[in-house]
Amino acid sequence: MQGIPGGGTRPGLSPMDRQMLLIFSFILAVALGQMNFTGDQVLRVLARDEKQLSLLRDLEVLKPQKVDFWRGPARPSLPVDMRVPFSELKDIKAYLESHGLTYSIMIKDIQVLLDEEREAMAKSRRLERSTSSFSYSAYHNLEEIYSWIDNFAMEHSDIVSKIHIGNSFENRPILVLKFSTGGSRHPAIWIDTGIHSREWITHATGIWTANKIVSDYGKDPILTDILKAMDIFIELVTNPDGFAFTHSMNRLWRKNKSIRPGTFCIGVDLNRNWKSGFGGNGSNSNPCSETYHGPFPQSEPEVAAIVKFITAHGDFKALISIHSYSQMLMYPYGRSLEPVSNQRELYNLAKDAVKALYEVHGTEYIFGSISTTLYVASGITVDWAYDSGIKYAFSFELRDTGHYGFLLPATQIIPTAEETWMAIRTVMEHTLTHAY
Amino acid sequence: MQPRRPPPPIPGSGPWGPRPVAPLIALLLLLAPVVAAAESESAEHPGQPQDAGLQRRLLQQAARAALHFFNFRAGSPSALRVLAQVQKGRAWINPKEGYKVDVVFSTERYNPESLLQEGEEHLGKCSARVFFKNQKPRPAVNVTCTRFIEKKKRQQEDYLLYKQMKQLKNPLEIVSIPDNHGHIDPSLRPIWDLAFLGSSYVMWEMTTQFSRYYLVQLTSVRQWKTNDDTIDFDYTVLLHELSTQEIIPCRIHLVWYPGKPLKVKYHCQELQTPEEASGTEEGSAVAPTELSNF
């Protein structure tokens, strides 16, 4: 939208600002005076020439107080926006039509818009002040999850802290939850969810898992032993920009939202942007592709933040990266069929983890290396982790196997999280008892 | 969807039949330069897990292609089947021509919420021969399945579904099924099943030895005409291709009536190249409300 040239009644405010101001003043009026705008519309009229413009100005005279110009008649090239009360719609439209003035309906019903705005404002005030009423069996948006993170870290500040490890491309904070029983720096375990934004079950599982850890600490002997010796780090929303986009515009968005001059397609596949076999098979150099690897390794702030954090820490012993869907538990490599040096150990550990998972709800997972189980993929998280010396690097693909795919019903969140937890716990326990 | 049987967890290879005997080996050697035998692979010998994994994938591809074709040919939205488990199979790879796969697999009802019919087996069993012609579309499929539901009963079910469809208020206003949270309104389930049936034809044609498709969402209904002898359904779906992770919008137009063979026409959108991209916010993987090149 262009700024107002000469003719605006409020110099310095863009038409968008002016509109917002008007909307807010309406809300106030509605709140205070119970005004009702049901059925009122905002029409956008395109005047072809000065003659048509003056016809519009005449309208103001003909129907004083009945037509409210949000963007007044200024020049023929500029659209004219006017609010028309429901009772006047028929007359006004007849006037426009009879004079050959083309118009479109910008807002079909102002009251609806006002109600939505009011609801949104009330909602943001209502944002939960504690985690006790947060529903673990529902999908949440970014604001709700970030609010939950704040509350959660505060409520369990004895073992949980929130760390800001960087910012996304669109400048959203990248947050990590640290679970620690204190002491000087312990060896650590990393878990990330949501690297692909459309995989909603992963964020939901991560949140449930975080809560499970604080609930079971002190009660589950295995978890308690793990936390006494090691720290756990969980990054719940690894791709915050993509995640926000799945709520606002495109539920099936996978990549981040980075834009580069010269390319028209948006986003890099964050699970192809790591420095391990970067650019190889199973990644794509076409920026419009869902597996576009980006211009160079770690080019994406979301990936760079993690690399920086894990490298600076220097003592991560296990890394678990969670995706959906396919029901698989896998270890490196993705970039080639070459087996890793401790392949047999990882095979057996995966087998145990999958068995523990199965025993919860009977869900069947297959397991193996990424390249042989799923497909060849280069520049992926777990390959980088393994090459960086993290011996226990695993990738999950959660439920289901294609029936609902990414659109997994919320009723499956808790069962999925419960079974996945048993697999994660198995991996963590092995990491603890096989110190290196 | 929960598995109802308690088999042991599946390692990279899966529970398969016994190893081939000598005469068969001779036969296999005769047939192709490279033979990939995919028989039993015990969990205690992960020695060649790479081979086992690749074999398993190939057999699954074949089973899926066969099942898409089977669903299409049966033309029955009330009797759709999905893959449960690959049981055994064998593949012949001819680098010049393609991949020939024999596979035996079990199936489950697509709609797990629906009640089992009297006399219907919970698990059906199919055997198929599938020929993937070096990444060309339309794999040749020869498939037979045990009779899950008697044909007459199936037609009765379909006719009930057809009557339900005729009652639908205004399907043209549908936004998406399932919604973004995975929910399908029970009253709209018949539309979804019919959409899945049409999509089966598309997915069969597009499946190759490497690409695998899933139906994600019905995103718009352009036309829904219920006449006395047909349902004319013009709609758009999103398919998910697993190896490239692409979301592919497809416009499908089908004509269906219980007992009559299904007629399908379709057009799927190609992946954007950087030159063709329109420069909008949406970039790739967006379902357009209008397929401009249709």
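# A tour from chain B to chain A

**Stop 1: strands in chain B.** Select strand β3 (residues 98–109) of chain B together with β4(B): nine bridges join the two, and they run antiparallel. You are looking at a predicted model: local features need pLDDT of at least 70, side-chain atom pairs count only at pLDDT 80 or more, and totals for chains, interfaces and linings use all residues. Residues are numbered from 1 along each chain as its sequence is written, chains are lettered from A and ligands numbered from 1 in the order in which they are written, and side-chain values use heavy atoms, with hydrogens and water left out.

A word on the labels. Helices (H or I, at least four residues) and strands (E, at least two) are DSSP runs, numbered from the N terminus. Two strands pair if DSSP finds at least two bridges between them.

Now select β5 (residues 140–145) of chain B. Six bridges join β4(B) to β5(B), and these strands also run antiparallel. Click on B:Ala128 in β4(B). B:Val103 stands opposite B:Ala128. B:Val143 in β5(B) stands opposite B:Ala128 too.

Show the side chains of β4 (residues 124–132) of chain B. Which ones point to the buried face? They are B:Gly124, B:Cys126, B:Ala128, B:Val130 and B:Phe132. (Buried means under 20% relative accessible area, exposed over 50%, partly exposed in between, with a 1.4 Å probe and protein chains only.)

**Stop 2: B:Lys265.** Select this residue in strand β9 (residues 263–268) of chain B. Is B:Lys265 buried or exposed? B:Lys265 counts as exposed, because its relative accessibility is 60%. Leaving aside residues up to four places away in sequence, B:Lys265 touches B:Arg251, B:Ile252 and B:His253.

**Stop 3: the domains of chain A.** Chain A is divided into domain 1 (41–108) and domain 2 (134–433), with bounds that come from an automatic or database domain assignment. The centres of the two domains, taken over C-alpha atoms, are 54 Å apart.

**Stop 4: the four-stranded sheet.** Select the sheet with strand order β2-β3-β1-β4 in chain A: it is open, and its pairing is antiparallel. Its edge strands are β2 (68–71) and β4, each pairing on one side only. From one strand to the next, the twist averages 30 degrees. (Axes are lines fitted to C-alpha atoms, for helices over the stretch in contact, and angles run from 0 to 180 degrees between N-to-C directions.)

Go to β1 (residues 41–46) of chain A. Five bridges join β1(A) to β3 (residues 80–84) of chain A. A:Arg44 stands opposite A:Asp81 in β3(A), and A:Val45 has A:Val80 as its bridge partner. β1(A) also pairs over five bridges with β4 (residues 102–107) of chain A.

Helix α2 (residues 50–62) of chain A lies across β1, β2 and β3, at about 25 degrees to β3(A). Helix α3 (residues 89–98) of chain A lies across β1, β3 and β4, at about 10 degrees to β1(A).

**Stop 5: the eight-stranded sheet.** What is the strand order here? The order is β5-β6-β8-β7-β9-β12-β10-β11 in chain A; the sheet is open and the pairing mixed. β5 and β11 (366–369) of chain A are the edge strands. The twist averages 20 degrees from one strand to the next.

Select helix α5(A). This helix packs on the sheet, touching β5 and β6 of chain A, and its direction makes about 30 degrees with that of β6(A). Its 14 residues (142–155) should span 20 Å at 1.5 Å a residue, and the end C-alpha atoms are 20 Å apart, which agrees. (The expected span is 1.5 Å times one less than the number of residues.) Its buried residues include A:Leu142, A:Trp148 and A:Phe152. Among the elements covering them are α6 (200–216) and α8 (240–248) of chain A.

**Stop 6: A:His186.** Finish in the loop between β6 and β7 of chain A, at A:His186. A:His186 is buried, because its relative accessible area is 13%. Its side chain reaches the backbone oxygen of A:Gly182 at 3.2 Å. It also makes a polar contact with the side chain of A:Asp231 (3.4 Å). (A polar contact is a pair of N or O atoms within 3.5 Å; within protein, one must be able to donate a hydrogen and the other to accept it, and residues adjacent in sequence count only if both atoms are side-chain atoms.)

Conventions: Contact means heavy atoms within 4.5 Å.
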